[in-house]
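Welcome! Have a look at the sequence and the 3D view, and then let us walk through a few features together.

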Amino acid sequence: MPNFRAAAAISLAITLVLPGCKIIKTPTAEEAAAEASGGFAPDKQVADLWDSKVIPFLQQRAGIFQEVFALSKSDLDAAAARYGHKEKDGTAPWTFAAKVSGTIVKAETKSRAAYLEADVDGDGKGDVRIQIGPVIKGTAIRDSLDFVNFNEFKNQIQWAEFGKAFNTHVYGLTLEKLSREGLEGKKVEALGAYPLPPTGQPALLTPATLTIGG
Amino acid sequence: MKLTRRLTLAAFAGTLALGVAMPAFAADLIAIITPSHDNPFFKAEAVGAEAKAKELGYETLVLVHDDDANKQSQLIDTAIGRGAKAIILDNAGSEASIAAVQKAKDAGVPSFLIDREINATGVAVSQIVSNNYQGAQLGAEEFVKLMGESGNYVELLGREADLNAGIRSKGYHDIIDEYPEMKMVAQQSANWSQTEGYSKMETILQANPDIKGVISGNDTMAMGAIAALQAAGRKDVIVVGFDGSNDVRDSIKSGGIKATVLQPAYAQAQMAVEQADTYIKTGKGPAEEKQLMDCVLINADNAAKLETFALKD
C-alpha cells in the first residue's frame, strides 16, 4: 500500500509539474554575449538603428563635401550648425555629415587601413580620403549622430564598443565586398561623416554607403 | 534670577551665532584628492586644480589616496568634516568609488571627477575624463606604423580595478588585432608603476628575446620598460606610452621612447575647478555630467612643444 501511495503521489506530482514546463529556445551566440555583458549588445543596437535612423539622418543632414569643407574653413559655427555634431561638453572636434561624388585618383590598398582618395572638383588632385577598411580609424559615424549620447552609456568602454560597431557594420555590409583592384580612375559616390581635420591635413571620411561606378 | 538666565542664554546664543558665522569670513575650501604624486600625471592634476582654485579665491586641501579605496573613503570624510564646498577627485576605482562619492553627496558636498570615471551617473556633478579610447587608437595606429604592420610585441597593462586600464587596452587591440602579422607574445599588468614596469619587462625579455615592440598603458610603465630594454642593450625595441609626461617627452627627444599620447591633465583639472566654482555660486552643473577630453599623439615631430601635460601652440 505505501508503495502504491508513493507511486500515486509521484504521478500526481508529475501531472502537476508538467503543465509548468516551458520550452526555452537555445540563445544565439549574440544573445549569450549580450546576456554576459548585462544586456549590452552594440552590434545589435547598431543593426537595429542603421536603416531606420542612421541612413535617413545622414541623408537629410549631409551636404556636398566641397561645400561643407569650404564652409568649415570660412565659418566653422555656420558649418557646425548645418552639418555638424559633437557632444555638448568636452573637447571632441566637430564631426560633419557629407556626400562625396568624384573620381578616384589614388587607392591605398596595401595598408589594412585602406582608403580611396577622391577628386571632387575636377582638378585631378585628391580632396578627400574615404576609408574602406578593414581597419577603420575613429568613430565618425557614431560621432555625427545627434540621437546618440555618451551620457546614456555605462562608461567609456561601452561607448567605444558602440562606436566600433558602426564601423564593423558598414564594413560587413558594403566595404568587405568591394574589389580592391583597378579602382583608380573610377567614379565614386559616398555618404558618410568625417571629423574636422587638423589644419593642413586631408579630411578622412567614414562611409555609411559607397558606390563605385565605371 | 530669570533675567540673569535670559541674559546668559542670549550671550550664549550670540557667541554661538558668532562662532557659526566666523568661517564665512574665511575663504571657502575645495578639497583636491588624487592618486600619489609620485606619478607626475597626478601631480600635474593637483597643481593645476590648486592653481585655479587659488586664482578663484578658494583655500585648498590637497590629499592623496594612493589608489586605496579605504583611504579614499577616509579622505572624503576629512573633506566633509573640514566643511569643503566641493571635492575635485581622481578616484581610486570605478566601482569602489561610487559609495564614497555618494557619501559626499549625502553630506551636501558636490564632487567633480577628473581623469577616471565611475560606473554611475547622477552621483557626481561632473566627470571630466580623457577620451582614453580615442587616445589609445592614436597610440596604436602610430605603434602599428612604427612596427611596419608586423612583428612580435608586448603589452603592459595598468591596474585592473581602474577602468582606464581596460579602455586603453581595448583601444589598442581594436586597432592592432586588425593586423594579422602583429603578434602579442606577452601581456602583463605592471600596475601603472615604473619599478614594476622595469621588473616585468626584464622577465618578459628573458622569455621572449625576439620582440620588436612594447605598447604600454601609461608613461611611467613605459619609462620602466625602456630602462630595462636599454640595460639589456636592446635599443632596437619600439616603445609607445600614454599620458604625455615630461619624462617621456625627453626620452622621445633623445631617441628612446618613440611616441606617447597626451592627456590634457592640467586643463582637465582646471576645468573641473571652474565647474565647481560655478556650481558653488549658482547651483548649476554642466550641460552633461560625463565630458570627454580628446587626446593628442606626441612623437618626435611635436615633442618639443610639450610641457607639463599641455601642448604649446
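Helix α7 of chain B runs over residues 194–207, and its 14 residues reach 20 Å from the first C-alpha to the last, close to the 20 Å expected at 1.5 Å a residue. Keep in mind that this is a predicted model.

- The buried residues of α7(B) are B:G197, B:K200, B:M201, B:I204 and B:L205.
- Why do they lie on the same side of α7(B)? They cover an arc of only 135 degrees around the axis, which puts them on the same side of the helix.
- On the other side of α7(B), you can find B:T203 and B:Q206, which are exposed.

**The domains of chain B**

- Chain B is divided into domain 1, made of 8–129 + 265–293, and domain 2, which covers 132–262.
- The centres of these two domains of chain B, taken over C-alpha atoms, are separated by 33 Å.
- Where the domains of chain B meet, nine residues of domain 1 are in contact with 11 residues of domain 2.
- On the domain 1 side of that contact in chain B, there are three nonpolar, three polar and three charged residues.

**The nonpolar core**

- In soluble globular proteins, nonpolar side chains tend to be buried together.
- Here, the largest nonpolar core has 138 residues, and those with the most contacts inside it are A:A98, A:I130 and B:I88.
- Both domain 1 and domain 2 of chain B give at least three residues each to this core.

**Where the chains touch**

- How many residues of chain B are in contact with chain A? There are 29 of them, and they meet 20 residues of chain A.
- On the chain B side, the elements giving two or more residues are α5 (132–146), α6 (163–176) and β11 (290–293).
- Helix α6(B) gives the most to this side, with seven residues.
- By class, the side of chain B that touches chain A has 10 nonpolar, nine polar and 10 charged residues.

Key
Residues are numbered from 1 along each chain as its sequence is written. Chains are lettered from A and ligands numbered from 1 in the order in which they are written. This is a predicted model: local features need pLDDT of at least 70, side-chain atom pairs count only at pLDDT 80 or more; totals for chains, interfaces and linings use all residues. Two residues are in contact if their C-beta atoms, placed from the backbone, lie within 7 Å. Helices (H or I, at least four residues) and strands (E, at least two) are DSSP runs, numbered from the N terminus. Ala, Val, Leu, Ile, Met, Phe, Trp, Tyr, Cys and Pro count as nonpolar, Asp, Glu, Lys and Arg as charged, and the others, Gly among them, as polar. Domain bounds come from an automatic or database domain assignment. The expected span of a helix is 1.5 Å times one less than its number of residues. A residue is buried if 20 or more other C-beta atoms lie within 10 Å of its own, exposed if 12 or fewer, and partly exposed in between; C-beta atoms are placed from the backbone. The arc is that of the directions from the helix axis to the C-beta atoms. A nonpolar core is a set of buried Ala, Val, Leu, Ile, Met, Phe, Trp, Tyr and Cys residues joined through C-beta atoms within 7 Å.
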